[in-house]
Amino acid sequence: TKSSAASDVYKRQVYAHRGDRSRAADNTLAAYDLAVAAGADGIEMDVRATSDGVLIMAHDPQHDGLPPFADVPFSDVRRDAPEVPTLEETLSTVPGHVFLNIEVKNTFGQPGFDESRDLTQQVLDMVRALDDPDRVLFSSFDPESVARARHTHPDIVTGLLITGAIPIDTAIEAAQTLSVQAINPPMTSVAPSPRSVLSTIHDAGFSSVVWNANTPDEVDVLVACGVDVIITDDPSMARSIIDQR
């Protein structure tokens, strides 16, 4: 049986991957606005920090040949990549009815790797100060960042992101240890047997948040098999498929 807390949050199915990146540069305010206009129930977004601790929205550690974000102050980012928004700007821009799937990017070996995991607490402290934590799903590929979130903000819903290299059974064991509410696998992990994989996740008590579902067939099969959330590059397409069912 799915966790009731997770079920409350994951009743909305379409999350735009970094905004509507099929129509605008990802993790920009324009992409977030387009995702809302496309009918997305939520927006998946990535957070990093500049050298002076400003929280910005960016998937990659650096931008178009510029120095890594972690090595420069925010003033340089604003000058050289003005399209990169801050988390504060994002929270004030995305309407309150839209869920925020906030992913902290913290990868060992990448510039700005945060061994302390203080970045996680800074992100969630800002959410609590400026927004409604009830509309947030916090996720990361880094289990220790997820653990920090569970420790410092246990009321915020959390999800463990996994890559295709991680077996679902292994992911479930890790999710149980972390006491998260969701497991977030890629479409490649689900595609070979979607009904079986999603049932395994649900039977273990977790919600299913599947990312990189980007074709009508993928969206259709996930919905038919009871997925909780689809993270897609094309929220307009996914919204249309779901609304036609």
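## Strand β7 and Asn 184

Strands are DSSP runs of E with at least two residues, and helices are runs of H or I with at least four, both numbered from the N terminus. In this structure, which is a predicted model, Asn 184 is found in strand β7.

Leaving aside its neighbours within four places in sequence, Asn 184 is in contact with Leu 137, Ser 139, Gly 159, Leu 160, Leu 161, Ile 162, Val 209 and Trp 211.

## The largest nonpolar core

In soluble globular proteins, nonpolar side chains tend to be buried together. Here the largest nonpolar core has 29 residues, of which Ile 183, Val 219, Leu 222 and Ile 230 touch the most other members. Two or more residues of this core come from each of α7, α8, α9, α10 and α11 (235-243), and α7 gives the most, with five residues. Apart from this core lies another one, of 24 residues, among them Ala 35, Val 98, Ile 102 and Val 123.

When residues up to four places away in sequence are not counted, Ile 183 touches Leu 160, Ile 162, Ala 171, Ile 172, Ala 175, Ile 201, Phe 206, Ser 207, Ser 208 and Val 209. One of these partners, Ile 172, has its place in helix α7 and is buried, with a relative accessible area of 9%. Besides Ile 183, and again not counting residues up to four places away in sequence, Ile 172 touches Thr 200, Ile 201, Ala 204 and Phe 206. Ser 75, by contrast, lies 42 Å from Ile 172, C-alpha to C-alpha, and the two are 97 residues apart in sequence.

## The buried side of helix α9

Which residues of helix α9 (residues 194-203) are buried? They are Pro 194, Val 197, Leu 198, Ile 201 and His 202, and because they cover an arc of only 130 degrees around the axis, they are on the same side of α9. An α-helix has 3.6 residues a turn, so residues three or four places apart point the same way.

The elements against which the buried residues of α9 pack are α7 (168-178), β7 (182-184), α8 (187-190), β8 (207-211) and α10 (216-224). Just after α9, Gly 205 takes a positive phi of about 100 degrees.

## Pockets and a cavity

Rolling a probe the size of a water molecule over the atoms shows where empty space is left. The largest pocket holds about 230 Å³ of space, and of the 17 residues in its lining, Ala 49, Ala 70, Gly 112, Asp 114 and Leu 119 lie nearest its centre. Both β2 (42-49) and α5 (118-130) give two or more residues to this lining, with α5 giving the most, three residues. By class, the lining of the largest pocket divides into eight nonpolar, five polar and four charged residues.

In the second largest pocket there is about 200 Å³ of space. Its lining consists of 14 residues, with Asp 26, Ala 58, His 59, Asp 60 and His 63 nearest its centre, and it divides into five nonpolar, five polar and four charged residues.

The structure also holds one cavity of 30 Å³ or more. About 60 Å³ of space lies in the largest cavity, which is lined by Leu 66, Pro 67, Phe 69, Val 72, Asp 76, Val 77, Asp 80 and Ala 81. Six residues of this lining are nonpolar and two are charged, while no polar residue takes part.

Notes
Residues numbered from 1 in each chain as written. Predicted model: local features only at pLDDT ≥ 70, side-chain atom pairs only at ≥ 80, totals over all residues. Heavy atoms only, no water. 1 Å grid on protein atoms, 1.4 Å probe; cavity = no way out; pocket = protein on both sides within 12 Å on 5 of 7 lines; lining within 4 Å. Points joined across faces, edges and corners; volume = space filled by probe spheres on them. Nonpolar A, V, L, I, M, F, W, Y, C, P; charged D, E, K, R; others polar. Buried < 20%, exposed > 50% of the residue type's maximum accessible area, 1.4 Å probe, protein only. Arc of directions from axis to C-beta. Contact = heavy atoms within 4.5 Å. Core = buried A, V, L, I, M, F, W, Y, C linked by side-chain atoms within 4.5 Å.
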